[in-house]
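Have the structure open and follow along.

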Amino acid sequence: MTSPPRARTGRRVAGHVLTTLAVLLVWVALVAPNPAVGWSPTPLALLRIPVEGLVLVAGLLLLRGVAARSFTIAVGLGLGVLLVVRVLDAAFLATLYRTFNPLTDWRYAGSATDLLGDSTGPVTAVVAVVAAGLLLLGIVVLTPLAVRRVGRVVDRHQTGATRALVAGAVAWGVCASLGLGVTADLPAASSSTAALAGREFTSVRDGLHDQDVFAAQITVDPYRDTAPGGLLTALRGKDVVVVFVESYGKVAVDESPDVARALTAGTNGLKASGYTTRSAWLTSPTFGGISWLAHSTLQSGLWVSSQRRYDQLLDTATSADRRLTLAGAFARAGWRTVDVIPANRHDWPEGKAFYGYDTVYDARTLGYAGPGFGYAPMPDQYTLSAFDRLELQRRPPGRRPPVMAEIDLVTSHVPWAPLPRLLDWAAIGDGSPYLAQAGLATPRDVVWSSPERVRAAYGQTVAYSLDSVVSFLRATHDDDLVVLVLGDHQPVSIVSGDHAGHDVPVSIVARDPAVLARISSWGWQDGLRPGPAAPVWPMDRFRDRFLAAYGPTAGG
């Protein structure tokens, strides 16, 4: 029994549609530009002639049977994986200003899910992550099927395919020899897929080689075996606090009027309260996110520019090659060491095992009873207030060991909304007074309605964080307090713009003039705002210079 004519027509139409979609998917996988050398996702990119497509058609014409099937599966999987890499490259370049690293970046999936959940809500985060996962999986699964369907077309129309192959090869050769292009940055003779495959192979090879290079660097530590009496002698008896301000980058200093106001007012206010301040620039190993690379770089004195390096460094926690961190140096010299991570909700054993902290405070142990504000589970002012209550005020300075702390302020974390307001320090308590601010600040959907609003909100959140630090310093009665305030990285490119650098501000604040006198040779500038002529150091240089400056003999 034959099918009705309408059914046969429907199947033919469906077959033609599927074939067209298969050809389009394969063509996109062949000619899509590499984001690392110019991402132009426009229809013009489809007008290029891919040399890999000529090789594909030649293989489909020559091979038969099992060899042909194996060829289509291998090519299809390769094209699908490389198309996924292009998508991930574009996403990483738009946020972290670098391409996707196939060796380690897959580990960020969990962090990205947590970030989305904190910023947009758990339901939206799950939907977005599932959708992204299905898209990438669909590309890998469907591309081999598409190549197989194209192979069937070539097999049915061998004469036409041969003619097309010859014409395409001639056209590719002419365009390549004459340097013809579809646009200025899109050559008509394309070899982008082969170039991308070569780049990924090189990236993996170099990454594996870098493991040996970094392993050798870890072992070279001039301070690993320094005795307690040779560490930080010029800071004895002083509480030392390292404050990381999330996404506090050079763009905030140079372009935000709110940050300019906060830095000017902060410098004047600190001076009126008896503080002296010096500032400069540090070059961060990361951009747009992955803050722990900057934290570990500052603490270890090593250039921790990738997740692989970070994991490799922390793997030395129980070995003889363990790096002496800044926190570890303070602990060895007799300080009580604490880490304050308000955005963390999970156990972090590396805080003690590698960094050398006696206590790690997080969202579960800081005692906050108020609402969250965007990514931040608590306002920065509360974080500083809780640290003051839990550590500095617990006992008078003369009746307790000095405290060294790292405090991570996260109100200025993307999505930069909603923004809390400063409270009177005496009214903060357990944070419940912030409940009165819930729903009053500009919500994230309004902020993200335009790039201008995003940039303005970014500057306002950084200014809030700086205001919180300055207000905290002016309110404390600890005359022996020394504070290092710095950014971890520049914000994502929607704020920083294209081709932004990695520089972040850094400031040292103290009431004791002897503290700043020890670093007079550094050439850092007065005040909280470093200017264009201020020194610029790679962030990994800070640890050794700091330990030298405040050791038994001033240096660095």
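This is a predicted model: local features need pLDDT of at least 70, side-chain atom pairs count only at pLDDT 80 or more; totals for chains, interfaces and linings use all residues.

Is Ser385 buried or exposed? The cut-off for buried is under 20% relative accessible area. Ser385 comes in at 14%, so it counts as buried. Leaving aside residues up to four places away in sequence, Ser385 touches Trp425 and Ile428.

Now jump to Ser520, in the loop that runs between helix H18 (513–517) and strand E12 (525–526). Exposed means over 50%, and Ser520 has a relative accessibility of 60%, so this serine counts as exposed. If you'd like a distance to check on screen, go from Ser520 to Asp221: they are 299 residues apart along the chain, and their C-alpha atoms are separated by 25 Å.

## Helix H2 and its partner H6

H2 covers residues 51–62, which makes twelve residues. From its first C-alpha to its last it reaches 17 Å, close to the 16 Å expected at 1.5 Å a residue. Which residues of H2 are buried? They are Glu52, Gly53, Leu54, Leu56, Gly59, Leu60 and Leu61.

The partner to look at is H6, residues 158–178. The axes of the two helices come within 10 Å and cross at roughly 150°. Angles over 145 degrees count as roughly antiparallel, and H2 and H6 are therefore roughly antiparallel to each other. The crossing of H2 past H6 is left-handed. On the H2 side, the contact uses Val51, Leu54, Val57, Ala58 and Leu61. H6 brings Gln158, Ala161, Thr162, Leu165, Gly168, Ala169 and Trp172 to the contact. By type, that contact splits into nine nonpolar residues and three polar ones, with no charged residues.

A bit of helix geometry is handy for reading lists like these. An α-helix has 3.6 residues a turn, so residues three or four places apart point the same way.

## H9 alongside H16

Next up are H9 (residues 257–272) and H16 (residues 451–475), whose axes lie 8 Å apart at an angle of about 10°. With under 35 degrees as the cut-off for roughly parallel, H9 and H16 are therefore roughly parallel to each other.

The H9 residues in this contact are Asp258, Val259, Arg261, Ala262, Leu263, Gly266, Gly269, Leu270 and Ala272. They meet Ala456, Gly459, Gln460, Val462, Ala463, Leu466, Asp467, Val470, Leu473 and Arg474 of H16. How do the residues of the contact of H9 with H16 divide? There are eleven nonpolar, four polar and four charged residues.

## H10 across H11

H10 (residues 291–300) packs against H11 (residues 307–314) at about 45°, and the two axes are 10 Å apart. That angle makes H10 oblique to H11. H10 goes past H11 in a left-handed crossing.

From H10, the contact takes in Trp292, Leu293, Ser296 and Ser300, while H11 supplies Gln307, Tyr310 and Leu313. The tally for this contact is four nonpolar, three polar and no charged residues.

## Backbone details in the loops

Leu232 has phi near 60° and is found in the loop between helix H7 (192–219) and strand E5 (239–245). Its relative accessible area is 0%, so Leu232 counts as buried. Ser247 also has phi near 60°, and its place is in the loop between E5 and helix H8 (250–255). Ser247 is buried too, with a relative accessible area of 3%.

Note on methods
Residues are numbered from 1 along each chain as its sequence is written. Side-chain values use heavy atoms; hydrogens and water are left out. Axes are lines fitted to C-alpha atoms, for helices over the stretch in contact, and angles run from 0 to 180 degrees between N-to-C directions. Helices (H or I, at least four residues) and strands (E, at least two) are DSSP runs, numbered from the N terminus. Angles under 35 degrees count as roughly parallel, over 145 as roughly antiparallel, 65 to 115 as roughly perpendicular and the rest as oblique. A crossing is left-handed if the near helix is turned anticlockwise from the far one by less than a right angle, and right-handed if clockwise. Contact means heavy atoms within 4.5 Å. Ala, Val, Leu, Ile, Met, Phe, Trp, Tyr, Cys and Pro count as nonpolar, Asp, Glu, Lys and Arg as charged, and the others, Gly among them, as polar. Buried means under 20% relative accessible area, exposed over 50%, partly exposed in between (1.4 Å probe, protein chains only). The expected span of a helix is 1.5 Å times one less than its number of residues.
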